[in-house]
Amino acid sequence: MSEPLVLGIETSCDETGIGIVRGRTLLSNTIASSMDEHARYGGVVPEVAARAHLEALQPAIDAALAEAGVGLDDLDAVAVTSGPGLAGALMVGVGAAKGLAVSIDKPLYAVNHLVGHIAADILTADSAPLEYPTIALLVSGGHTSLLHVRDLTTDVELLGETMDDAAGEAFDKVARLLSLPYPGGPEIDRAAADGDPEAIRFPRGLSRASDLAKHRYDFSFSGLKTAVARWVERCEAAGVEVPLADVAASFREAVVDVLVTKALAACADLGVPRLLLGGGVIANRRLREVALERAEAAGVTVRIPPLSLCTDNGAMIAALASELISSGRRPSTLAFGADSTLPVTEIQIAEAVSV
């Protein structure tokens, strides 16, 4: 099957993503977000997310099929995110995918959400094919991971990940400290536009020599968040107006500095002159600017999928399954569930055993 037609279902967090691809060609990318429902709480509420997925799945599937101009019977396979993510949200997608695959008698591929973010890159029609090996930096609300990708379908190694808050979580929490709305990433970006990124030297987590021995590729943003909180408290105690733009710009610079420094360190250490950026936080303008600027100086080529494919979406899940099918991998059995802590090394889950 050279150009499989695959429908992908993604429900790992607060976005119900349904995507349809034919081989490496994107046909539809439908996303129903429940972000507005979570905004009142200042963050994602798992139970609210799961309920929103239940309500959005069927309309999103219908919209995706209509946009792609295909019917369920035309599909060659169904794909779904098995993990990692919010357990309840994942369960909704997994249940729906199993039911759909069985009802239309099509093979089912259960895949890894994080590896899906890498697969989003292959849907970029005007770019050269992804070369291996590559270093991948995935930055989102729930994950901050640094990966060594030797092959998309068979060999992905976790180099490092966040030890506490993910970068996206840190943006949300600092935005709350600064009385900015949820989600925090875009709000921090806007507030930082007129600020001085060097006004305040906030800490760079796990960047000291003593930390690098054990955590060279790991991330920590909890201390940074606390440092911002203490700065704001000191201003308020002194009766001084908080310099919002400078605080936002300095905080953002600290996050960006750590992300880019560690990613380029991995490129240098492993001799890989390629860096792929993925995840919703890649929408941050300053992160893209610094990554491109510093990577060029280091002789590293940077790839960034279209921003519409950086956030959680079903198209990336379909794309990963399409690659698995094209490489000869067998479908998954139904003996899998939602795995909120699925390791990135498990690219496909419950692959059927050949007889």
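The charged end of K98 sits over the ring of F336, 4.6 Å from its centre; a charge counts as sitting over a ring if NZ of Lys or CZ of Arg is within 6 Å of the ring centre and within 35 degrees of the ring normal. The model is predicted, so local features need pLDDT of at least 70 and side-chain atom pairs count only at pLDDT 80 or more, while totals for chains, interfaces and linings use all residues. Residues are numbered from 1 along each chain as its sequence is written, and side-chain values use heavy atoms, with hydrogens and water left out.

Aromatic rings come next. A search of the whole structure gives three aromatic pairs, where rings of Phe, Tyr and Trp (its six-membered ring) pair if their centres lie within 6.5 Å, and planes under 30 degrees apart count as stacked, over 60 as edge-to-face and the rest as tilted. One of these pairs is F202 with W231, edge-to-face at 6.4 Å centre to centre and 85 degrees between the planes. F202 lies in the loop between α6 (184–192) and α7 (209–215) and W231 in helix α8 (residues 222–237), so this pair ties together parts that are 29 residues apart in sequence; helices (H or I, at least four residues) and strands (E, at least two) are DSSP runs, numbered from the N terminus. F202 is buried at 3% relative accessible area, whereas W231 is partly exposed at 27%; buried means under 20%, exposed over 50% and partly exposed in between (1.4 Å probe, protein chains only). The rings of F219 and F221 are stacked, because their centres are 6.3 Å apart and their planes at 10 degrees. Both F219 and F221 are buried.

Helix α3 (residues 87–104) has 18 residues. Its buried residues include L90, V94, A97 and L100. The buried residues of α3 pack against β1 (5–10), α2 (46–68), β4 (77–83) and β5 (108–112), with contact meaning heavy atoms within 4.5 Å. Just after α3, D105 adopts a positive phi of about 55 degrees.

Which strands flank β2? Strand β2 (residues 15–22) has seven of its eight residues buried. β1 and β2 pair in the antiparallel sense over six bridges, a pairing that requires at least two DSSP bridges, and a hairpin of four residues joins them. G8 has G19 of β2 as its bridge partner. Eight bridges join β2 to β3 (residues 25–33), again antiparallel, with G17 opposite I31 in β3. Two residues lie between β2 and β3 in their hairpin, and G23 in the turn has a positive phi of about 65 degrees.

How values were computed. Expected span 1.5 Å × (residues − 1).
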